[in-house]
Amino acid sequence: MNWIPNNDYTVVLHMDNGDTQEVDEWFTLKVAKKIAAKAYDARVSVVNSPVTAIEIVDFNGNQVQIVKFDS
C-alpha cells in the first residue's frame, strides 16, 4: 500500500487594507512552507508591498505558521 501525503495546508497573504488572499489549492506542509518562503522572498524585495503577513493554515483553519512584517 502506498502512502498518500496529506494535502491539508495552504498559504494566506494578509494585506494592509485588511483583505486576505488565499492560494486556491491545498498542499503538503513541506510544499506550503516552500510557497510561503517564495512569497516571503518576493515580499522582502518589493518596496511598499501591501502584504503585511504570510500565514500557513491547515484544512481546519488553524494557524500553523505566520510571519508578520512591520508597516
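**Close-up views of a predicted model**

**View A. The hairpin of strands 3 and 4.** Four residues separate strand 3 and strand 4 in a hairpin, and Gly61 in its turn has a positive phi of about 85°. Strand 3 (residues 51-58) runs antiparallel to strand 4, and five bridges join the two; strands pair if DSSP finds at least two bridges between them. Ile54 has Val67 in strand 4 as its bridge partner. Helices (H or I, at least four residues) and strands (E, at least two) are DSSP runs, numbered from the N terminus. The model is predicted: local features need pLDDT of at least 70 and side-chain atom pairs pLDDT 80 or more, whereas totals for chains, interfaces and linings use all residues. Residues are numbered from 1 along each chain as its sequence is written, and side-chain values use heavy atoms, leaving out hydrogens and water.

**View B. The ring pair of Tyr40 and Phe69.** Rings of Phe, Tyr and Trp (its six-membered ring) pair if their centres lie within 6.5 Å, and count as stacked with planes under 30 degrees apart, edge-to-face over 60 and tilted otherwise. The count by this rule is two aromatic pairs. One of them, Tyr40 with Phe69, is stacked, at 5.6 Å centre to centre and 25° between the planes. Tyr40 lies in helix 1 (residues 29-44) and Phe69 in the segment after strand 4 (63-68), 29 residues apart. The charged end of Arg43 sits over the Phe69 ring, 4.3 Å from its centre (CZ of Arg or NZ of Lys within 6 Å of the ring centre and within 35 degrees of the ring normal).

**View C. The surroundings of Thr28.** Thr28 belongs to the loop between strand 2 (20-22) and helix 1. Leaving aside neighbours within four places in sequence, Thr28 is in contact (heavy atoms within 4.5 Å) with Pro5, Asn6, Asn7 and Tyr9.
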